[in-house]
Amino acid sequence: MAAQQAARRDAGALRPGAEPEPARAPARPLGLAALLAATADRHPDRIAFVDQPDKPAWSGRPAITWTFAAAREIAARLTAGLRALRLPPRSPVGLCMAGVAESHLALMAIEQAGHLPCLIPVTWDEARLLQAAEAAQLQAVITHGQLGADRPAERLCRVAARYFPLRFVAAFGPHVPDGVIGLDRVVLDHRGDPAAFGSAEAAGLVTFTGEETPRPVLRDGDALTAATALCLAPARIEPGDRIVSLLPPTDLRGLVPGLAAALLSGATLESHPVFDSVSLSAALAREGPTHLVAPGWMEPGLAQAGVAARLRSILFVHRAPVRLSARTPGRPGIVDIVVFDETALVAGRRDANDVALLLASPERAASGGLLRIRREPDGRLAFRGPASAARLLHRGIARDETVDDWRPSRFSTTLLAGVVTAVAEA
């Protein structure tokens, strides 16, 4: 579209007597906060987030059902609290939380405050957290005071003692150590500006890749939206639907089909960070169009429980490397998402454009220009397009890469009879 607009401007300038069109300022990248605000403006009473019912038992905080208007109000208050810290613009701020409503609101508050959210798994040990803090140059981090028997805020205090640039640790819930900012009090003490929420230019967000040493990957809001659109199309998620997610929103695997998909579509997100079969069964039994997001390894158990019959779709998320031959082919309503590190994801509906077919003939994969795939001479898959526009950070600085470059992955595919049976490391 931008290229077409530029071509029309150039053509107009060449016509005799034609007045040149005024130059248009490039659109500011908007992120998740803008998506929340857009739905809050139009449907303030629609449900945005639903907490897992047994949340008080392992977090010490109540389970709350949030409307879009209420979510925007609380996120605006958190934004005001973050701005009071006087961090430099675009400071990396860690978010080390399970997938509860507070984590979703905190992510958008970091974004609205003009900083760079860095999503960190709350299950990481102290050594790995220290590596992540150093790699992303974290200046603040938001976490839980309590998560079951674990005390994430205490662990991050020890990380901050070893990494001097990490100036602020903040936490929700009880068991907040001395020197840690209690975010429950911040919400009560600050008054944000809900009307302005979502208007800030998003700095993007950071997720981490790497099996041994965490490496931060920067993705802007447009790239996140493009990747999310690839999931929404085969899943057919509509405004007012409900997404029940079993995956933590700390990387592409959990963030895109969960929080990002809910905000982009205007759907409700119910997160289940602590697996409980009774709680999940009750959630899936409630009326209304429901989409379940689950790791791929859960397919046999869910099939045995007969879950698919009462859901609009099930999104099985697979992290490469993965075997695809064990799946049940042709089941309606099943969407497979294969995630390639933090670079790209490929999604397909099992009764239509299955991922095994898309990866077998990547040049035929239709994604509206959001993602292109090709096989390199050495057999590795490479990605190009807005949905794969991600860059590695080195000590807080992004590598100088052209956004539209081909990005080779470390994965190749195994084909049998024209169908991909596995994605493996090359």
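Helix α11 (residues 277-285) has Ser-279, Leu-280, Ala-283 and Leu-284 buried, where buried means under 20% relative accessible area, exposed over 50% and partly exposed in between, using a 1.4 Å probe and protein chains only. These four sit on the same side of α11 because they cover an arc of only 125 degrees around the axis, the arc being that of the directions from the helix axis to the C-beta atoms. Helices (H or I, at least four residues) and strands (E, at least two) are DSSP runs, numbered from the N terminus.

This is a predicted model, with local features needing pLDDT of at least 70 and side-chain atom pairs pLDDT 80 or more, while totals for chains, interfaces and linings use all residues. Residues are numbered from 1 along each chain as its sequence is written, and side-chain values use heavy atoms, leaving out hydrogens and water.

Turning to the rings, Phe-340, Phe-383 and Phe-411 are linked into a cluster by ring pairs. Rings of Phe, Tyr and Trp (its six-membered ring) pair if their centres lie within 6.5 Å, with planes under 30 degrees apart counted as stacked, over 60 as edge-to-face and the rest as tilted. Phe-340 and Phe-383 make a tilted pair, 5.0 Å centre to centre with 50 degrees between the planes. Phe-340 and Phe-411 are edge-to-face, because their planes are at 65 degrees, with centres 5.9 Å apart.
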